[in-house]
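Shall we take the stops one by one?

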Amino acid sequence: MGKPKLGVFKFASCDGCQLSLLDAEDQLLAVAEAVDIVHFPEASSRLESGPYDIALIEGSITTPHDVERIQQIRGDSKFLMTIGACATAGGIQALRNGADTSEFMQAVYATPEYIQVLDQSTPIAEHVKVDFELRGCPINQYQLIEVIQSLLAGRTPRTPKHSVCLDCKRRGTVCVTVAQGIACLGPVTQSGCDAICPSYHRGCYGCYGPAAQPNLVSLSTQTLKTGVSPAEAAHRLQNFNVSAPAFHKESQRLTDQAREQN
Amino acid sequence: MGNRTIKVETLTRVEGEGGLYIRLNGEAVDEVRLEIYEPPRLFEALLRGRPLEDVPDITARICGICPVAYQMSSVHALEAALEVTVSPEIRRLRRLLYCGEWIESHGLHMHLLHAPDFLGFDSGLEMAKQFPDEVNRGLRLKKHGNQLVDMLGGRAIHPINVCVGGFYRLPTRKEVHKLIPDFEWGLNAAIETTRWVAGFDFPDFESPDCEYISLSHPDEYPMNAGVMKTSRGDTIDVANYEAEFEEQQVPHSTALHAIRKSTGRPYLLGPLARINLNRDKLSPSAQKLADEIKLEPLCCNPHKGIIARGLEIIHAYEEALMILRDQTLKGKSRASYEYQAGEGLSATEAPRGTLFHRYIVDKDGKIVEASIVPPTSQNQAQIETDLKQWISHVISNDERETARKCENLVRAYDPCISCSTHFLNVKIERT
Ligand code: SF4
Ligand code: SF4
Ligand code: SF4
């Protein structure tokens, strides 16, 4: 058997997650040796059609054409993995899901009818079967390399599911909530970033999305006690993973609460 | 020869996704279209109603290749709206962060995206088999850029440490000094790299009558402040940006096309424009090398963009080293501010050119309106204009060869079309 064929595909996104692969400078040439990168438009002019052994998918589905394109890629791929918050949760562009997309289009474009766009920004898994999801906005390059390597070795890729708090403890970072009263989403956010934000004296804003079984109501109750308004607390959950079910549900609950207060 | 079309379905080795469409009538060019099919992500619309503190984190996500540029233009614009002045230390650290992004972004473009065109490879990774030393050196430079953004920004892609007023925390002296040995090596390596690319075989082609525009500053190479200067000799205050430039929507692209209102013509931003207008502000090593390789004082050959990038990497290393070695890292990590209703605008120099942000905020610190004009969308009309001329140089019966040469020219501008879709038309109408 020849080398496994790798394809990288982009939907609505910022290119940051696929850049993580090019940013793994030390391993990049080794990866390029171990797999045959047959489709990666950002890196190579050689573009081969399928089948692919591994497909990395960045970005969310936001246009009618992309709905068809992802089906095609799925059909061509043995193992399909989503990379990043856009592909796994709809990304920051999913903020329009609860709003009026045509009004958004009118606000940005003088002639919105030139451009076709769906009302919702949806994750890849809403359209096709996904074999593995790598979280983060952006993903962590070491996790990406580890996943590719484990696939090559025939192992199931493993990434941690615990919350950012645990990594804070492991790094020895003093908790910003306890020490400085700064609101932090760390207790409900999945690890993967090595708890960067608290080490820079700011609260986690949830860019890796919800951890396994997060207790969001309990965290909100705590946050509201520090004087944060329900609307602000809702905004905090409404960013890169706004459409991840756990964050979505709690931000709706807080928004309703804010409405009642007014 | 009758009518024929040349289509490049997917432009490769550019950031973001787009294609190229060329219609010829015999030898004459009927139409050239740089087709951008990036889906719109509507950032300006979704920022409305959000706390202004969210803006640097969210606008970073417009582009994973140059998040620092989005963070810098946004914090400057918001500070203008809040009438906040940052300390000289913070200003220097912001330049340091920008140096990291220039090194990373230019390093990526030069070695992995552009150089393969001159040496006949499909990718930098393939080029590495014959030019291992050069590619490895390039990857190391790129990595230094990432390390610097990582140290000061918390991570290389979408840094977390930037905020309105400054930084969440200042780096420690130890963190800063740790980078010095690598950067000393890197400065020399950057000089070698630039010498190497300057020796490439450049097509004999000049953009006809192109106007170059960049920020300019009396004391420094432009990065985070200045007025706009143009190669026609005009000076434009950033505050007048929207009066001087106009974006037009075209059917074939999700990006808008920009022109100078006074001339009705396109213009070019980016490294070549910056070098053409600010060569005397380059660091000593970069100036020396520019002279050594005999770069024209006004270089109009877009293929030489790779040299301009090399010179800017040298500059970034030299300036970064100066700041890294500085012993006076002190003061507060950020300026405090109070909310007030207002409007603020700012332009900074992203790796690909001047990036303009404007915000209106209300008295509770919420965003009322946002307007973002990225460099690539402004360059797009100039790229199409140049392509029309370039085709007559490269046209042959071999369609694939012609298409390849057209793609080469497009790549020379380092277009980043993942960000070219997200800006507000300035002629917004509200009811
Ligand atoms: S998840 Fe974040 S970093 Fe990745 S493509 Fe989307 S916006 Fe960019
Ligand atoms: S700083 Fe945040 S992530 Fe860290 S321990 Fe405290 S709450 Fe958890
Ligand atoms: S926002 Fe949270 S998950 Fe994201 S980098 Fe910061 S600490 Fe990590």
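Here is a tour that goes from confidence to the chain contact, then to the ligands and a few backbone details.

**Stop 1: colour by confidence**

Keep in mind throughout that this is a predicted model. For the complex, the predictor reports an ipTM of 0.95 and a pTM of 0.94. Now colour chain B by pLDDT: the average is 89, and 94% of the residues score at least 70. Then select residues 420–431 of chain B, where pLDDT stays under 50. The model still has 47 contacts beyond four places in sequence for this stretch. Where pLDDT is low, the predicted coordinates should not be read in detail.

**Stop 2: the contact between chains A and B**

Next, show the residues at which the two chains touch: 66 come from chain B and 61 from chain A. About 5400 Å² is buried between chain B and chain A, and carbon and sulfur atoms give 61% of that area.

On the chain B side, the elements giving two or more residues to the contact are α1 (43–47), α2 (55–60), α4 (88–119), α5 (124–130) and α6 (132–153). Helix α6(B) gives the largest share, eight residues. By class, the side of chain B that touches chain A divides into 29 nonpolar, 17 polar and 20 charged residues.

How many salt bridges are there between chain B and chain A? The count is four. To see a salt bridge between the chains, select D23(A) and K142(B), whose side chains meet at 2.5 Å, N to O.

**Stop 3: along helix α6 of chain B**

Stay with α6 of chain B and pick E134(B), which is found in this helix. Setting aside neighbours within four places in sequence, which residues is E134(B) in contact with? They are H111(B) and W196(B). Draw a distance between the C-alpha atoms of E134(B) and W196(B): they are separated by 8.6 Å, although the residues are 62 apart along the chain.

**Stop 4: ligand 1**

Now centre on ligand 1. Of the 14 residues around this ligand, C14(A), C17(A), A85(A), C86(A) and C137(A) come nearest. Helices α1 (16–22) and α4 (85–89) of chain A each supply at least two residues of the shell. The shell around ligand 1 has six nonpolar, five polar and three charged residues.

While you are here, pick C137(A) and follow the backbone to P138(A): the peptide bond between them is cis, with omega near 5 degrees. P138(A) sits in the loop between β5 (132–134) and α6 (141–152) of chain A.

**Stop 5**

Next, select R170(A) and D194(A), whose side chains meet in a salt bridge at 2.7 Å, N to O. R170(A) lies in helix α7 of chain A and D194(A) in the loop between α8 and α9 (196–199) of chain A, so the pair ties together parts that are 24 residues apart in sequence.

**Stop 6: ligand 3**

Go on to ligand 3, surrounded by T189(A), C193(A), C197(A), P198(A), C204(A), Y205(A), G206(A), C207(A), Y208(A) and R155(B). Residues from chains A and B surround ligand 3, so this site is shared between chains. The shell around ligand 3 divides into seven nonpolar, two polar and one charged residues.

**Stop 7: two backbone details in chain A**

Finish on the backbone. Select G50(A) and P51(A): the peptide bond joining them is cis, with omega near 0 degrees. P51(A) is found in the loop between β2 (36–39) and β3 (52–58) of chain A.

Then select D15(A), in the loop between β1 (5–10) and α1 of chain A. D15(A) is not a glycine, yet has a positive phi of about 80 degrees.

Terms used:
Residues are numbered from 1 along each chain as its sequence is written. Chains are lettered from A and ligands numbered from 1 in the order in which they are written. Side-chain values use heavy atoms; hydrogens and water are left out. pLDDT is the predictor's confidence in each residue, from 0 to 100. Contact means heavy atoms within 4.5 Å. Buried area is the accessible area (1.4 Å probe) that two parts lose on being put together, summed over both. Helices (H or I, at least four residues) and strands (E, at least two) are DSSP runs, numbered from the N terminus. Ala, Val, Leu, Ile, Met, Phe, Trp, Tyr, Cys and Pro count as nonpolar, Asp, Glu, Lys and Arg as charged, and the others, Gly among them, as polar. A residue is near a molecule or strand if one of its heavy atoms lies within 4 Å of it.
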